[in-house]
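Biologist: Please walk me through how to read the sheets, helix packing and ligand shell here.
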Amino acid sequence: CGIAGAWNVVDSYNVIHDLLLALQHRGQQAAGVVLEGFKSVKGLGLVESVLTDERFVEGSKGIGHVRYSTFGSISEIQPISAHTLKGTIAIAHNGNIYDAPLRRKFVMENGGIFSTTLDSELFIHYFSIAPYTDPVNSLQWTLSRIPAAYALLVMHETFIAAARDPFGIRPLFYGRYDDGYVVASEDAALHAIGATDIAEIDPGTMVLFDETNQPKVIRFAERKDRFCSFEFVYFARPDSNFYGVNVHEVRKKLGQKLFEESKVYADVIVPVLDSGFSGAIGYSLVSGIPLDLGLIRNHYLGRSFIMPKDRQNIVRRKLAPIKSVIDGREVILIDDSIVRGTTMRIIVEMVREAGAKRIYVGIHSPPVKGPCYYGIDTSRRSELIASNLEIEELAKSIGADRIFYLSVERFKEVFEKCGVKGICTGCFDLEYPVQ
Ligand code: 5GP
Ligand code: SF4
Ligand code: MG
């Protein structure tokens, strides 16, 4: 998911709209905004089709959310709001509370009720039962009791707070804009609207925007950085930066490493657009093998992974081979990752039909072996093709002549060399930050 907020900004509704639009790749199923006074605009679908209501143009504060998940009704679109003794609050959450079922049970055993199935509603309950009357203290208490995973925006009548869990699993940034501040999941979104003084929120802290108009950084837990490496591999925009390191550059380095480790040669490198593009550039640069557009993509279709139904047809509608690039040649297809294998199986079939002599599939991350408990929908274990098959079987299953991945060791090395310390690699090596 993606989250965005604005504090003391003229026309905050439109500013949040623009931020969410720049974060659309993080979620395409629903969008929502809650403005000061707790007026909301929400709906299923893309930002451009949901956030059209101009009745709400007034107001200088608000938070918003774009959602990607596979279930939920219209009433469960974030941000969600509730009334408490400490005031009304609304929250927008990116991430999964990994132990939410246990915590919900605990709340319900003590008489609490839930109006949605969202794990995010837990924040509201904790806020309400916190042993303080002051809302800021209550929020701090709440955050110190929920270890992972969240990047969170909380709007209260008197403030907006932006927080990251102690592991910093999901990203969150803020910057200056107009006479106030804006917050977003990725710095690329803040750059897109022209925000300045952009800063990454420290894991284990919340940044409080209140009537002083001076952001206050409040630490509620010690930082233990385990930033999601999958944000770098696939999820984030290439023009975003985490820990001051550019996503596109990391993907290029992963592609370079993939060549250095595997030394697979062919006539041409074909990137699987869009997410495999940066890695393919890296692979081509170090190997000297030319990069060419053997597959083009239709930009009027969204991210295929995120659309739960009919994935096979979507891939065929989204990507198409260019025969003149592929026919009679040995081809290396470079993609960022394989999850269920559906995408790659269809691509290999199409590239075969276009006349490829041999097809090698290079993946610039390690095999996805386990699920993500922290907010990326990498499915249940049984659906993960690499958790069930050995490498030769895997190649056979997707119809390729060979498939090669980056090893976990080389993968981690790239992050260390780039200066990104403390990453989560749980879905690749099952070393989860919290179980
Ligand atoms: P598959 O068809 O193997 O399940 O999906 C792999 C393709 O979807 C790759 O091209 C990759 O770029 C993209 N993708 C991989 N992992 C994820 C994920 O966790 N979430 C989303 N949204 N897309 C993914
Ligand atoms: Fe990211 Fe994988 Fe860790 Fe989930 S398990 S947070 S997808 S690296
Ligand atoms: Mg892709």
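Modeller: Start with pairing: two strands pair if DSSP finds at least two bridges between them. Helices (H or I, at least four residues) and strands (E, at least two) are DSSP runs, numbered from the N terminus. This is a predicted model, where local features need pLDDT of at least 70, side-chain atom pairs count only at pLDDT 80 or more, and totals for chains, interfaces and linings use all residues. Residues are numbered from 1 along each chain as its sequence is written, while chains are lettered from A and ligands numbered from 1 in the order in which they are written.

Biologist: What is the order of the seven strands in the antiparallel sheet?
Modeller: The order is β3-β2-β4-β1-β10-β9-β11, and the sheet is open. From one strand to the next, the twist averages 10°. Angles here run from 0 to 180 degrees between N-to-C directions; axes are lines fitted to C-alpha atoms, for helices over the stretch in contact.

Biologist: How many bridges link β1 and β10?
Modeller: Four bridges, in the antiparallel sense, between β1 (residues 2–7) and β10 (residues 180–184). Gly-5 sits opposite Val-183 in β10. Helix α1 (residues 12–22) packs on this sheet and touches β1, β2 (30–35), β4 (62–67) and β10. The direction of α1 makes about 155° with that of β1. For contact, two residues need C-beta atoms, placed from the backbone, within 7 Å.

Biologist: Which strands stand at the edges of the four-stranded sheet?
Modeller: This open sheet runs β17-β20-β21-β22, with parallel pairing. β17 (268–271) and β22 (402–405) each have a single partner strand, so one side of each lacks a neighbour in the sheet. Here the twist averages 25° from one strand to the next. Strand β21 (residues 358–363) is joined to β22 by four bridges. Gly-362 faces Phe-404 in β22. Helix α9 (residues 277–287) lies across β17, β20 (330–335) and β21, at about 165° to β17.

Biologist: How should I read two packed helices?
Modeller: Two packed helices are described by the angle between their axes and the distance between the axes. Take α8 (residues 247–262) and α9: the angle is about 45°, with the axes 6 Å apart. That makes α8 oblique to α9. Angles under 35 degrees count as roughly parallel, over 145 as roughly antiparallel, 65 to 115 as roughly perpendicular and the rest as oblique. The α8 and α9 crossing is right-handed. A crossing is left-handed if the near helix is turned anticlockwise from the far one by less than a right angle, and right-handed if clockwise.

Biologist: Where do α4 and α5 touch?
Modeller: From α4 come Phe-123, Tyr-126 and Phe-127; from α5, Ser-138, Leu-139, Thr-142 and Arg-145. By class, the contact of α4 with α5 has four nonpolar, two polar and one charged residues. Ala, Val, Leu, Ile, Met, Phe, Trp, Tyr, Cys and Pro count as nonpolar, Asp, Glu, Lys and Arg as charged, and the others, Gly among them, as polar.
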